[in-house]
Amino acid sequence: MEQKRPMIHVQDVRKVYRMGDEEVVALNRINLKIYKGEVCCIFGTSGSGKSTLLNQLAGMEKPTSGRVVIRGVNISAMSEEELAAFRQKYIGFIFQSYNLLPSMTAVENVAMPLMFCGMEKRRREEIAKVLLKRVGLSHRLYHYPGQMSGGQQQRAGIARAFVTRPQVVFADEPTGNLDSRTTEEIMKMIMGFARKYNETIILVTHDPGMVRFADRIVTLKDGNIVGDERKEGYCE
Amino acid sequence: MRTGDLIAVCIQNLLRHKARTFLTVLGVVVGCCSVVIMISIGIGMRRAQEKTLAQMGDLTVIQVHAAGKGARSAVLNKKAISRMKELEGTEAVTPRLVQENVPITVYGGRDKRYRASYATIVGIDLRVAEIMGYSLTEGKWQPGRKNCIYAGQNLAYMFEDTKRPEGNNMVDMYSGDLDENGSPVMPPPFFDIMKTPVTLELDSGKEDGKKVVQTMETVGKLKEDYAKGDETYMGMIMDIDTYQSLLEQQARLAGKKQEQQKGYQGALVKVKDIGSVAGVEKEIKKMGFRTSSMESIRKPMEQEARQKQLMLGGLGAISLFVAALGITNTMIMSISERTREIGVMKSLGCYVRDVRKIFLLEAACIGLIGGVVGVIVSYGISLLMNLAALQSSSAFSDVMMETESVPSALSVIPWWLALFAVLFSVAVGVGAGYYPAGKAVGIPALEAIKHD
């Protein structure tokens, strides 16, 4: 396991926010290696720094010090344009509030990341339809987000996250707005995709119930990693 | 992103808030209209002015007058003429020969029945007569033909009938009745000048009564043109060489030295275009001659027109500026509503440059639609204005039946103004969208995962 190159390598990442005159340490020297195919749950209560860590991992914010290396590339040093290209190729996102664009149909929403890559409309929508069928929305292809339930929207969100076959998918409280039955369904779906394509999933949550879906649980508290356990039986 | 996708996204966004987009576009339409209408009125004014000037005289012909008779003043001779021909911008030059000191009587009809004593006779280079702006109502220019004249439009009325008593021996061209339209009909002259040869007699002025007599054929009838001179009206023009040889014969009979040694009294210089008039005129003045052209009238008029046009355009531009503020406002509003969306797009890998393009394109779209609709509406308004102007002037023009020209339009929109207006509206849109687009670009991807 140590010989393998980590998919995500967090090196000494520190993040300090300045609130007026006060400095708030959100992340305090985090070191973390996440490998390909791992479903890693970043668990912590609100204020533990888990969201901040997600931001650093996904390149949404630059760390105050230290760096985040994904697939051997230091994303902390990337420009906005480079990050955009990197996200197109390697990263997928699942959001708590689904974040489908209301002016686009389900197909258009799912095809959106491919549009950013410059793929032709017919081809990308073909791919999007396949994905939507796989998440069970074949009857909602041309519906707008406003015409779909929360669970359906999140399923479209999942399809969108996986449509580019990314290496890493970040899921930020993906079931935060859903009831428990739908939660189960959604999580199983995410896991299904992850296992099928051997993808790395970073699952950020404060819900202890979610922990059971993950292979690895990294617990954060006050900006420090206080626990890092792998589930037994998971083949490394 | 592909251009097609960019356009599709931007149209999708514009259609999301139809009322807002419509109102913003309406602002641009009004702004564009006011610019176009104002400028078109300016152009209309200028056209009307140019027409008036053109009626007053050919704008590109400079009249050159010989300087005084002093020994040191420049002589307007053949050498001077050929120097003028070589000036930059000159198209043609002809000397203009007039002889006032020699009594010339013109006879027409059988046995010299009809006589005209005061006809103005002008000699020019007939090869360039047409270029100089002389035009014929009858006949054709025949530069090579010997011994022929081109009669002024009303030359025939200058003749008196020697067989009738004094007081009843001329046809008054104004004595005719009015026709059904109320315009006067000219009574026919004694003879048709086109069909009757005329005879010129140049008196020697001596007691011996010797004369130079030359019969000439009339091969053309000139259109009257007051700016050109009497010759187009109550006189005639002929080939300058013929005229000169007649004058030389007369001088020999009179035993006087030919005055032509001193040069011509005047010349006409035709310039290629209006822009070269001032330069050529200056050069001729440098050669030591006096000049006159429409330029001295046209210049200040044009300047004034340009000022007015600028002022009108400025007034129009104010409303377009207000429309630009409207676009900026709409864009800022739409961006602040779409903050999260922009964050989502960025986190899904949308390039920063594409975000900028989307918003600039939206603003440009508003400008384009506003511009196109504005131009169409402007054409409509312009048409209505011109119709209204025509209506109100029709009563007036009844009186002025003689002016055959249609009253010039109040507002003129040339194709380049329409094109300019559309492009300018697009530019205004892009300009107005620049700041909001910059704002949109600055929105971080982080917005996507903010929990609210």
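In chain B, the centres of domain 1 and domain 2, taken over C-alpha atoms, are separated by 56 Å. The model is predicted. Domain 1 of chain B is made of two segments, 3–56 and 299–450, according to the domain assignment. Domain 2 of chain B covers 61–293 in that assignment.

One residue gives a way into chain B. Ser378(B) sits in helix 8 of chain B, which spans residues 352–399. Is Ser378(B) buried or exposed? A residue is buried if 20 or more other C-beta atoms lie within 10 Å of its own. Ser378(B) has 25 C-beta neighbours inside 10 Å, so it counts as buried. Its contacts, leaving aside neighbours within four places in sequence, are Cys33(B), Val36(B), Ile37(B) and Ile413(B). Gly288(B) is 90 residues from Ser378(B) along the chain. The C-alpha atoms of Ser378(B) and Gly288(B) are 52 Å apart.

Now to the interface between the chains. Chain A puts 21 residues in contact with 22 residues of chain B. On the side of chain A that touches chain B, helix 2 (80–90) and helix 3 of chain A each supply at least two residues. Helix 2 of chain A gives the largest share, five residues.

Helix 3 covers residues 106–117 of chain A, and helix 4 covers residues 121–134. Their axes come within 8 Å and cross at roughly 120°. The angle therefore makes helix 3 of chain A oblique to helix 4 of chain A. The crossing is right-handed. Which residues of the two helices meet? From helix 3 of chain A come Ala106(A), Val107(A), Val110(A), Ala111(A), Leu114(A) and Met115(A). Helix 4 of chain A brings Arg124(A), Glu125(A), Ile127(A), Ala128(A), Lys129(A), Leu131(A) and Leu132(A). The residues of this contact divide into 10 nonpolar, no polar and three charged.

The buried residues are Lys50(A), Ser51(A), Thr52(A), Leu53(A), Leu54(A), Asn55(A), Gln56(A) and Leu57(A). Just after helix 1 of chain A, Gly59(A) adopts a positive phi of about 75°.

Terms used
Residues are numbered from 1 along each chain as its sequence is written. Chains are lettered from A and ligands numbered from 1 in the order in which they are written. This is a predicted model: local features need pLDDT of at least 70, side-chain atom pairs count only at pLDDT 80 or more; totals for chains, interfaces and linings use all residues. Axes are lines fitted to C-alpha atoms, for helices over the stretch in contact, and angles run from 0 to 180 degrees between N-to-C directions. Helices (H or I, at least four residues) and strands (E, at least two) are DSSP runs, numbered from the N terminus. Angles under 35 degrees count as roughly parallel, over 145 as roughly antiparallel, 65 to 115 as roughly perpendicular and the rest as oblique. A crossing is left-handed if the near helix is turned anticlockwise from the far one by less than a right angle, and right-handed if clockwise. Two residues are in contact if their C-beta atoms, placed from the backbone, lie within 7 Å. Ala, Val, Leu, Ile, Met, Phe, Trp, Tyr, Cys and Pro count as nonpolar, Asp, Glu, Lys and Arg as charged, and the others, Gly among them, as polar. Domain bounds come from an automatic or database domain assignment. A residue is buried if 20 or more other C-beta atoms lie within 10 Å of its own, exposed if 12 or fewer, and partly exposed in between; C-beta atoms are placed from the backbone.
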